[in-house]
Amino acid sequence: MEANPPGKGRFIVFVSLFSLFILLVYFRYAQLMLFPETAGNTIETNNLIERGPILDRNGTILAMQTRLGNITLWKPEALQTLEQSAKLLAPLLEIDEKLIIDRVRQSASSFIYLKKRLDQSVLGNVEALIKEGKLPGIAIEPVMGRIYPEKNLASNLIGFVGDENQGLGGLEYAFESDLAPQNGQSYGNQLILTIDAKVQYILESIAKKTLEENKAEAAMMIAMTPQTGDILGYVSIPNFNPNDISGSTELDRMDRPAVWAYEPGSVFKVFTIASMLDTGAISPSSTFVCDGKYEQTTTGGEKITIKCLGAHGTVRPQEIITYSCNAGAAYASDRIDASTFFSMLQQFGFGNKTGLGVPGETSGFLRPVNRWSARSKPTIAIGQEISVSALQMVQAASAIANDGLLVPPKIVAKVLNHEGLLVREIQTGQPRQVIRPETARELRKYMIAAASEAGTGRRARVDDISIGVKTGTAQIIDPKTGTYSKTDYIASTLALVPAEQPTLILYMVIIRPKGESYLGGRIAAPAIREAAEELADYLGIPRGKSPQIEHSGSVVLNFPPSITIGDTMPDLRGYSKKQLLPLLLRDDIAVDLEGDGWVKKQTPDPGTPITEGMVIHLELE
C-alpha cells in the first residue's frame with residue numbers, strides 16, 4: 001500500500017492541532033460562563049473599583065455604589081428545564097414568563113443576559129433557588145452598580161450613570177473625573193452638595209401638588225441662602241427615578257432651572273426698578289401716570305403701546321412693584337439710557353451663565369444695545385424681550401437680599417476623598433457689589449408692600465413672618481407663529497424671607513398652567529406661602545408665634561460606635577443611613593433599607609446567628 005504523501009501528513013497534523021485548539025477555547029468559554037468564580041480575578045478587580053457617593057449637606061446618601069448582579073443563562077444546560085426556570089424567575093425579575101422563554105429560544109447565542117443590575121434583595125432569592133438546584137444553567141454575575149436610595153429626589157440635578165457606571169447626566173456627568181476612580185485608584189471621591197434633602201423633599205412635594213392642581217406642563221422651585229449662595233432645594237418637576245432610567249423620557253430628565261431659558265414677566269421689575277433707582281434715573285418719589293397702558297410715539301412715527309392690568313393712576317416706584325404696573329415700569333424706563341440699563345442688567349448676571357457647574361447651563365438671552373428697537377427698553381422693563389434661567393433669577397435676587405452684594409449660587413460644597421479628607425472646596429464665583437445698600441433696602445420695602453392686602457403677592461403672605469414678594473405672569477412665544485401665545489403662560493413668584501434681613505430666597509415657576517388661572521399671583525404665590533410656612537421652623541427663621549431663645553451654641557452629640565457584625569446580629573437601632581454604608585458592600589449578607597433617617601426597627605432581632613446569604617431588613621425614620 002502506498003504511503004501518504006508528506007504534504008497530506010502535515011495537513012492532518014495541522015487539522016488535528018487546530019481542532020484541539022478550538023476545543024480548548026470552547027471548554028474555556030464554557031468554564032467562564034458556568035463557573036464565574038473560577039474565571040480569574042477580572043470580576044473581583046472590577047468589584048473593587050468604586051464610584052464615589054453623592055451626599056446632601058447633612059450626609060444623606062443621594063447616590064452610592066453597591067454590589068449588584070446580572071442574571072445570566074447558559075442555553076445548552078438551561079433548555080431542558082426552561083419552562084420551570086422561567087416560572088420561578090418571572091416574578092423575581094419582573095419579566096413575563098413567556099417573554100423569558102421566547103427570548104431564550106429565539107436567541108442565536110448560547111450565553112444570554114436575562115436581566116442586569118439587580119439589587120441584593122432579588123439576588124438573594126435567585127441565589128437560594130440556584131443552591132437548591134432549581135435553576136440549571138442560571139448564574140449570577142456580580143458587578144458594582146449605582147443606586148439612588150432617595151429615588152426621584154433631586155434626580156434632575158444628580159443625574160444618572162450608564163451600564164458601564166459612567167456619568168451620563170447631571171452632576172454624575174459634570175463631576176465624572178471626581179466620582180470615578182482615577183490613575184489606577186480603587187475609590188472615587190465623595191461629592192458633598194449644598195442641598196438639604198429635607199428642604200428638597202418639602203419643595204418637591206409642593207411643586208408636584210401645584211403642578212397637578214393647575215394641570216401644568218412643568219414646574220420649578222429653588223430655595224437659596226443669599227449670604228452664601230448655597231442652594232438648599234432645587235426642583236424640576238416632572239422628574240425621574242435614576243434607578244430605572246429606561247422608564248423616563250428626555251423631558252423627565254430635563255434640568256429646567258439650569259438649561260431652560262424663558263421670559264420672566266413682571267418678577268423682572270424688581271431688577272429693572274432697582275437699576276433705575278441705583279443709577280439715579282428715577283427716585284423713590286418719582287411719579288408716573290398709568291391710565292391702563294403705556295403709549296409712546298418715536299421720532300420715526302412708530303407708535304408703541306404696552307397694556308397694563310389696570311388703570312392705577314399716579315404711581316411711584318413702590319406702587320409699580322406693589323400693583324405690578326406695566327405702564328409705570330415702561331414710563332420709568334424712558335428715564336434711563338439704553339447703555340446704562342443694559343450694563344446694570346449685566347451686573348445682575350443676566351446674559352451670562354452663573355457658573356454653577358451643571359451641564360448645559362444656559363446664558364439666557366440679553367440682546368446687545370445696538371440691536372435694540374425703539375420698544376426694547378420699555379418691553380425689557382416689564383420682563384419681556386429678555387430670556388433668563390431660574391438660576392439667574394435667584395442669583396440676581398441675592399443682591400436685593402444682601403444689601404446690594406450679589407452672591408453666585410452654589411450646588412456642590414466640596415469634594416472629599418474616600419477617607420473623608422478634603423480634596424477641594426468648590427468656588428463658583430466671587431461676590432460683587434452691584435447696587436448700593438440703600439437701593440436694595442428700598443426694593444425690599446417695595447416687595448413687602450407687594451405682599452400686603454393691596455399687592456399682587458398677597459396670597460404669599462404668612463401672618464407671622466415678614467415676607468417680600470414679586471409675582472409675574474409671562475406669555476410664551478408660539479414657535480409656529482413667532483408671536484405670543486394666547487393660551488400658554490408662565491406663572492411665577494419670587495420671595496425673600498424674612499424681608500427685612502433675608503436668610504432665604506424662594507422662587508417658584510409654573511410652566512403652561514391649564515387650570516382655572518394662569519396668573520402668578522393666584523397660583524404661584526400660594527405655593528411660596530406654603531414653602532415659607534414649612535421651611536421657617538425647619539430652618540429656624542424667626543416668626544411671631546415662635547419664641548426665640550439663646551444658648552451657648554455648644555452641643556454634645558453621642559454617636560453610636562462603628563458597626564461590626566460577627567457571629568450574631570448586633571442592635572443597629574439608632575444608626576444613620578450613612579453609618580450603614582459599609583454593610584451594603586459585604587458579600588456574605590444582603591441589607592434591605594426602607595425609609596430615611598435612623599434605624600427604628602430591624603429584622604432579624606439582635607442576637608440572631610448570622611448565616612451566609614442572610615437578608616437584613618432595616619426600617620429607618
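Author: Helices here are DSSP runs of H or I with at least four residues, strands are E runs of at least two, and both are numbered from the N terminus. This is a predicted model, where local features need pLDDT of at least 70, side-chain atom pairs count only at pLDDT 80 or more, and totals for chains, interfaces and linings use all residues. Residues are numbered from 1 along each chain as its sequence is written, and side-chain values use heavy atoms, leaving out hydrogens and water.

Helix 12 covers residues 269-278 and helix 18 covers 437-450; they pack at about 140°, with axes 10 Å apart. Those axes are lines fitted to C-alpha atoms over the stretch in contact, with angles from 0 to 180 degrees between N-to-C directions.

Who touches whom? From helix 12 come V270, I273, A274, L277 and D278, and they meet T439, E442, L443, Y446 and M447 of helix 18 (contact means heavy atoms within 4.5 Å). Sorted by class, this contact has seven nonpolar, one polar and two charged residues (Ala, Val, Leu, Ile, Met, Phe, Trp, Tyr, Cys and Pro are nonpolar; Asp, Glu, Lys and Arg charged; the others, Gly among them, polar).

The largest pocket holds about 1400 Å³. Lining it are 42 residues, and R117, D119, I147, Y148 and N243 are the closest to its centre. Strand 21 gives the largest share of this lining, seven residues. By class, the pocket lining divides into 19 nonpolar, eight polar and 15 charged residues.

There is also one cavity of 30 Å³ or more, and the largest cavity has a volume of about 40 Å³. Its lining includes N152, Y234 and N239. (On a 1 Å grid over the protein atoms alone, a cavity is where a 1.4 Å probe fits but cannot get out; a pocket is an open set with protein on both sides within 12 Å along at least five of seven lines; lining residues have an atom within 4 Å of a point. Points join across faces, edges and corners, and volume is the space filled by probe spheres set on them.)

One last thing to find: the peptide bond from I237 to P238 is cis, with omega near 5°, and P238 sits in the loop between strand 9 and helix 11.
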